[in-house]
Amino acid sequence: MGTRTLNGNTQKMKISIANQNGMETFVEITDQARPEGYKYIKITSVFDKAKDPSAERVRYEMLMSPECIAKIKDIFNQL
């Protein structure tokens, strides 16, 4: 379900996290060279009944600091 590609010094991973009722959702995480330790997070989806079913729609994107990533991990661990 996941793919990892290396583009120079940048590592990118894209994983399908849900696939139901004709909608598939992906999370893509890219390491950022600057600022060091930051990750670019993007959540996208495709819908099989859309005019163009292969077109990904961006649902959310954010550049996250290491501190923000740690806080989110803590939140998920508390659930």
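1. Let me start with Glu-28, which sits in strand E3, spanning residues 23-31. Bear in mind as you read on that this is a predicted model.

2. Is Glu-28 buried or exposed? Its relative accessibility comes out at 12%, so Glu-28 goes down as buried, the cut-off for that class being under 20%. For context, buried residues are 18% of the chain's 79.

3. What does Glu-28 touch, once neighbours within four places in sequence are set aside? Its contacts are Lys-12, Met-13 and Lys-14, plus Tyr-40, Ile-41 and Lys-42.

4. On the overall layout: there are five strands and one helix, and in sequence order they run β-β-β-β-β-α. Of the contacts with a separation of 6 or more, 17% join residues 24 or more positions apart.

5. Now the largest pocket, which holds about 320 Å³ of space. Ile-41, one of the contacts of Glu-28, is also among the lining residues. So that you can find the others in the viewer: the lining also includes Val-27, Ile-29, Tyr-60, Met-62, Ile-69 and Phe-76.

6. Which elements build that lining? E3, strand E4 (39-47), strand E5 (57-64) and helix H1 (66-78) each put in at least two residues, and H1 gives the most, with four.

7. By class, the lining of this pocket counts ten nonpolar residues, two charged and no polar ones. The lining list has Lys-39 and Lys-73 in it.

8. Last, the surface: the chain exposes about 6,200 Å² of accessible area, and carbon and sulfur atoms account for 53% of that.

Methods. Residues are numbered from 1 along each chain as its sequence is written. This is a predicted model: local features need pLDDT of at least 70, side-chain atom pairs count only at pLDDT 80 or more; totals for chains, interfaces and linings use all residues. Side-chain values use heavy atoms; hydrogens and water are left out. Buried means under 20% relative accessible area, exposed over 50%, partly exposed in between (1.4 Å probe, protein chains only). Contact means heavy atoms within 4.5 Å. Accessible areas come from the Shrake-Rupley method with a 1.4 Å probe; for residues, only the protein chains shown count as cover. On a 1 Å grid over the protein atoms alone, a cavity is a set of points where a 1.4 Å probe fits but cannot get out, and a pocket is an open set with protein on both sides within 12 Å along at least five of seven lines; lining residues have an atom within 4 Å of a point. Grid points are joined across faces, edges and corners, and a volume is the space filled by probe spheres set on the points. Ala, Val, Leu, Ile, Met, Phe, Trp, Tyr, Cys and Pro count as nonpolar, Asp, Glu, Lys and Arg as charged, and the others, Gly among them, as polar.
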